[in-house]
Amino acid sequence: MAQRPAKDHWTQEAYSTSAPFVPKLATTILQWLDPQPDDIVLDLGCGDGVLTAKLRETCASASGVDASASMITAAKKTHGSRAGLSWHVQDCRYLDRWINFQKGGYTKVFSNAALHWILRDLSTRESMLQNVYDILRPGGTFAFEMGGKGNVAEVHAALMAAVAHQGITLEDARELCPWFFPSEALMRQMLENMGFKVQRMELEYRPTKLTSDKDGGIEGWVRLMGAQFLEGLDTSTKRDAAVKEVCEVLKTVIGHEEDDSMYLGYVRLRVLATKPT
């Protein structure tokens, strides 16, 4: 299947309705990052900037970069731009093309719930990690949390099947997948090949409760997080049918009868790596 141009389907409203828990559950990786008053931090895939602004409270400077212009606009509107806090529209796959790219420019690089999108493109995976390595000062820290192997497996499988049932091949459905969920072994290998020293790594199974908002829940999650699957279908009727199938299939798989809540099987890969001095 031919690659389609990237489409910005992110909005702060949709994200806060379907996945407000993402920044709230970043406590552990923020602790691993351990921001200090003299740190200069780069937040990759910052989204609407909730965590970037939080980092600025404890470090000298925090810069948020994201490929979504709408999310950067939301970050600027919500948190403002001031000394030591800046926002930039930039595809993180091509960090070296960023006008502010400077080798050794940051003491720490941080990312939460973004690298499984950024690293999906196999053709830029190695160069992207090389850019992170280059932008760090010697002795600098790279701390991130992303989806790990088996992340949201139930909805991943249901989405692939649902779009295939609407007339595309299973192989094309695989190509539409926007996520990269690596194992611990693969991620360690990738980082060490770049020259990083992995200090700490863990894979955590963390079932996560979906919102009960009118436009949230499993349907809202699928429409936002699975948008690239749905974009492979050529009519809104087919897209709606695929979403309906996913919701119906998962109803008893992820639903809790006692309170009608729904939980997705999140698997989080956390990593703390350093650049040698």
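Residues are numbered from 1 along each chain as its sequence is written. In this predicted model, local features need pLDDT of at least 70 and side-chain atom pairs count only at pLDDT 80 or more, while totals for chains, interfaces and linings use all residues, and side-chain values use heavy atoms, with hydrogens and water left out.

Q: Why is D260 called exposed?
A: Exposed means over 50% relative accessible area, buried under 20%, and partly exposed in between (1.4 Å probe, protein chains only). D260 has a relative accessible area of 68%, so the residue is exposed.

Q: Why is H88 called buried?
A: The relative accessible area of H88 is 16%, which is under 20%, so H88 is buried.

Q: What makes the pair of K108 and D39 a salt bridge?
A: A salt bridge requires a side-chain nitrogen of Lys or Arg within 4 Å of a carboxyl oxygen of Asp or Glu. The closest N and O atoms of K108 and D39 are 2.8 Å apart, so the pair qualifies. K108 is buried at 9%, and D39 is buried at 6%.

Q: What makes the pair of R270 and E202 a salt bridge?
A: Their N to O distance is 2.5 Å, within 4 Å, so the pair qualifies. R270, at 3% relative accessibility, counts as buried.

Q: Why is E202 called partly exposed?
A: Its relative accessibility is 28%, which lies between 20% and 50%, so E202 counts as partly exposed.
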